Amino acid sequence: MKKELKPIGVALLLIICVVVAVWVYIRIRPAAPKDYQKSVETGSAIEAKYMSNGGYEVSIYEETALQVFKKYVIYYPSELETAGKQYPVIVICNGSGTPVTKYPAVPKHYASWGFIVIGTEEEYAWNGFAAEMSIRHLQRLNDARLMGDGKTNLFYQKIDLSRVGIVGHSQGGAGVLNAVTAQKHKDIYQAAVCLSPTNKELADRLEWTYDAAYVDTPILLISGAGGGDDWVVTGKQLESIYSDIAANKVMARRKSTVHSEMLYSADGYVTAWFMWHLQGDGEAAGAFAGTAPDLLQNPLYQDQHLDIGPYEG
C-alpha cells in the first residue's frame, strides 16, 4: 500500500509546486511590459510620438506611508534634483490588486515627458482615497525644506500643484471619477483619464459607487474592444458614463485590445492628453482638437466622441 501511495504523493507534490509557482508568477509579473512603448501598435504619427519615451531621464523616490497602501512611489525627471523649476503632476489610481510597483514602465513613461508621477501600493483604489492622500503628501513635500530625517528635501518648491492630472485603469477608473468629484482636493485636477473604468452597474454591486454627472474636469475615457467588447465596460456602458458628463470630454475604444492591455496600450493618447492640458503642448492638443482631431482618424480606434468646446491651436 505504501509503495502504491508513493507515486501519488510525488505527483501531488509536483502539482502543488506548479500551482505555487504559477501563483508566485502571477503575483510578481509586471502588469505592463517594460518595453510596451516599442511593442504596441500605433495608428498615427501623433499617437506614435507620445507612445515613445520623452526626453527626460527618470529617477524614483519611495517613502513609507502609515496607510493601508503602505508607501508612496514617485517617478520624476532626474534633472529635478538640480533644476530650479517646477514640474506638473500625474496621480495614478491602481486597478484591482495591482499596486503601482507591478507596472513601473507606465509611470516611468509619463515621467520621461517631464511629469512628477505618484502612485501607491493600494489594491482597492475605487474611492479615490489613495489619490487624495497622494495629493496631500505632495503638498507636504512641496512645502518642507527638510525631510523627517533632516536631509534636504529634493522636492521642495519643485511640484507645480496648479497643473495636476490623474489616471486610473479598471477599478482605478472608478477611483479617478471619485477623486475628481468626491474627495477633498477634487478641484485640484486639471485633467483626468479613465482607462476601461468599471461600469456603473458593476460598480454599484461592488459598492464602488461613483457619479460621473459631477465631473467638471476635462476627461478622456478609453476602453478596449478586444473580441468585441471590454468585459469590465462595454461600448454602451462607456457611452453611458460619457453621457453623464456635461462637457470637456472625449471617449474612444481601442480595437483588438483586451481589458488588461488597456493599462498601457492607449498610452500615446493618454500622454498627449496630459501634455496638452498640463504642459500646453499644441501638437498634443491636435490629437483631440482643431479642425481634424487625430483620434477621429486613427484606424485603431472606434466609437470616438469629442465634446471639448472651441479650441484655437
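**Figure 1. β1 (58–64) and α5 at the second largest pocket.** Both β1 and α5 give at least two residues to this pocket's lining, and α5 gives the largest share, five residues. Helices (H or I, at least four residues) and strands (E, at least two) are DSSP runs, numbered from the N terminus. This is a predicted model: local features need pLDDT of at least 70, side-chain atom pairs count only at pLDDT 80 or more, and totals for chains, interfaces and linings use all residues. Residue numbers start from 1 along each chain as its sequence is written, and side-chain values use heavy atoms, leaving out hydrogens and water. A pocket is an open set of points on a 1 Å grid over the protein atoms alone, with protein on both sides within 12 Å along at least five of seven lines; lining residues have an atom within 4 Å of a point. The space here is about 370 Å³. Of its 16 lining residues, Glu 63, Thr 64, Tyr 72, His 137 and Arg 140 sit closest to the centre. A volume is the space filled by probe spheres set on grid points, which are joined across faces, edges and corners.

**Figure 2. The largest pocket.** This one holds about 520 Å³ of space. Look for Ala 31, Ser 96, Thr 98, His 169 and Ser 260, the closest to the centre among 23 lining residues. The lining splits into 11 nonpolar, nine polar and three charged residues. Ala, Val, Leu, Ile, Met, Phe, Trp, Tyr, Cys and Pro count as nonpolar, Asp, Glu, Lys and Arg as charged, and the others, Gly among them, as polar.

**Figure 3. The largest cavity.** One cavity of 30 Å³ or more turns up, and the largest has a volume of about 50 Å³. Its lining includes Ile 92, Cys 93, Tyr 103 and His 169. By class, eight lining residues are nonpolar, two are polar and none is charged.

**Figure 4. Helix α6, tucked inside.** Nine of the nine residues of α6 (residues 171–179) are buried, so the rest of the structure largely encloses this helix. Buried means under 20% relative accessible area, exposed over 50%, and partly exposed in between (1.4 Å probe, protein chains only). Among the things covering α6's buried residues are β3 (87–93), α5 (129–143) and β5 (159–169). Across the protein's 313 residues, 53% count as buried.

How values were computed:
Contact = heavy atoms within 4.5 Å. 1 Å grid on protein atoms, 1.4 Å probe; cavity = no way out; pocket = protein on both sides within 12 Å on 5 of 7 lines; lining within 4 Å.
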